[in-house]
Amino acid sequence: MTILGTTQRPLRVAIVGAGPAGFYVAETLFKQDLNVKIDMFEKLPAPFGLVRYGVAPDHEKIKNVIKIYEKIASDSRFSFFGNVAVGQSIGVVELKKFYDATVFCYGTEADRRLGIKGEGLKGSHLATEFVGWYNGHPQFRDCCFDFSHEVTVIMGQGNVAMDVARILCSTAEELSKTDISQHALDELAKSRVKEVHVYGRRGPVQAAFTPLEIREMGGLKDAYPVVDQKDLQLNEASSAETHGVVNSFRKKNIEILQSFTVLKHQNRQRKFVLHFLRTPVEIIGKDRVEKVKFEINELTGDAGQQKVKGTGQFEEIECGLFFTSIGYEGVPMQGVPFSPEKGIIPNRLGRVLDGGTAKDGWYVSGWIGHGASGVIGTNKIRAEETVRSLVEDLEDLPACETPSTEAVVKFLRERSIDPITFIDWKKIDAYEIMLGLKAGKPREKITEVSQMLSVAKEPSY
Ligand code: FAD
Ligand code: NAP
């Protein structure tokens, strides 16, 4: 029997997806007392997942985490296969031929939908489209947003909604020093949006944003936050939900919202308005979004178990743009078990489950295994759990038939796929930084896959 993880026969692991989860799985595997070889597959030419294409451009410091990922990628036991979409360029069963274990870390790319009338109207968008657009994601670079109306409405009160609101409330000057894509900066500089209204179906205590992110809304150059003091008069159960260490972020949120009620406007022109206890029931408009109709809710039940109940009272707000920002869910990959209810790959401690039974050699980590919640660092803890399971299973893993990275390259080339290596990526990276330097920005992203490929493969760059 082949013993995997030895000098004679290193353990071969394929990681699908080059976001934080993928890199933390690689890092944790390298820390094991194992001889391991990792090939990471990424469908885009660029690595780093949502750190590159999700994290807001004005949150530059967060992106410093990339330095850790670059260090992992520089390990001689690591190979990067960019521009290779698993499930399309290479099938999951085909991967089994070359790898003893596969770890799915491909994130959760689909937005949750409200499922209400009018959601498909022109001017109604998903937060992902806007985020991808301002962050230069090739799939969203051609999206169009109409910023000619003064009022924008966002449904959802998580940190993504805060990102969307903050970008809409920022001045072109504030944004111009960030790595926001130039096409987005040009459009946002002409924006006539003056009011950004952010709605939640529950109360301020239950809002999903975190203190750092809500506090930022008070520090913008040309926008001020508006919170109705009445919304901060909490019922007994909500008040109880601010107690204890686990709820300290809620307590802090309420303190920040309180501080907003007395904040001076100081001639700031734009408004960021929070609305609570409102569920959208219809997006109204003839050819495009004109209004959103909300039902007014109340909270009922005990602390920690409060439910939203519609009151039968409704209100409307006129607007020209509407964004749905109510979280994400995963998309199934052909041949891989999937839970449509949860939008994840079902798993136990990172082992992929098929009808309750663990699939030999298949593991999962990050958002596609746990759902779309948590910050970048959360994925490190989850990666450790997944790697622990993989290492426990080592003796039972069936050794793959062709343990060779060169054979994978040959296989892909036979399909006319020329993967992007990490050295190729560094060429794209350097080119983007050079473009950014000219514009006084940290980088200007290349937003077309074809141009990324030509920069990567062009010998003179
Ligand atoms: P992802 O980061 O989504 O990475 C998945 C990767 O898999 C992607 O690169 C994708 O292209 C690739 N992939 C998909 N399908 C395939 C396929 N078929 N084949 C190969 N590759 C594939 N957290 C913070 O701590 N701070 C922040 O400021 C912050 N901002 C955020 C902003 C937004 C808009 C969002 C949505 C999230 C933000 N987060 C932030 C959360 C953080 O980004 C996530 O915790 C983290 O990115 C999840 O990592 P992941 O690797 O599971 O998924
Ligand atoms: P999120 O934190 O889960 O927030 C989703 C919001 O949508 C909540 O307000 C939720 O309200 C609401 N919602 C869900 N379903 C709804 C429905 N059917 N109708 C109406 N409202 C609904 O999701 P997110 O904002 O997409 O963020 C995802 C993760 O990334 C989070 O963990 C977040 O912290 C992280 N992130 C972090 C940062 C940062 O650190 N700066 C930035 C961006 C994202 P209920 O609570 O009532 O369900």
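Select cysteine 105 to begin: this residue is buried, with a relative accessible area of 6% (buried means under 20%, exposed over 50%, and partly exposed in between, using a 1.4 Å probe and protein chains only). You're looking at a predicted model, where local features need pLDDT of at least 70 and side-chain atom pairs count only at pLDDT 80 or more, while totals for chains, interfaces and linings use all residues. Residues are numbered from 1 along each chain as its sequence is written, chains are lettered from A and ligands numbered from 1 in the order in which they are written, and side-chain values use heavy atoms, with hydrogens and water left out.

Now, how many disulfides does a search of the whole structure find? The result is 0, counting a pair of cysteine sulfur atoms within 2.5 Å as a disulfide. Back at cysteine 105, the nearest cysteine sulfur belongs to cysteine 400 and sits 18 Å away. Click on cysteine 319 next: it is in no disulfide either, and its nearest cysteine sulfur, from cysteine 169, is 15 Å off. Cysteine 319 is buried too, at 1% relative accessible area.

Time for charged side chains. A salt bridge here is a side-chain nitrogen of Lys or Arg within 4 Å of a carboxyl oxygen of Asp or Glu, and by this rule the count comes to 36.

Select arginine 9 and aspartate 100, which form a salt bridge whose closest N and O atoms are 2.7 Å apart. Arginine 9 lies in the segment before β1 (11-16) and aspartate 100 in the loop between α4 (92-98) and β4 (101-104), so this pair ties together parts 91 residues apart in sequence.

Hop over to lysine 309 and glutamate 298, where a salt bridge spans 3.6 Å from N to O. Lysine 309 is in strand β13 (residues 307-318) and glutamate 298 in strand β12 (residues 291-300), so the pair links parts 11 residues apart in sequence. Lysine 309 is partly exposed at 45%, as is glutamate 298 at 35%.

Last stop: helix α15 (residues 422-439), which holds both aspartate 429 and lysine 426, 3 residues apart, or about one turn of the helix. Their salt bridge has its closest N and O atoms 2.8 Å apart. Aspartate 429 is buried at 7%, whereas lysine 426 is partly exposed at 33%. Finally, select Arg52, Glu70, Lys426, Asp429, Glu432 and Arg443 together to see a network of salt bridges.

Key: Helix = DSSP H or I, 4+ residues; strand = E, 2+ residues; numbered from the N terminus.
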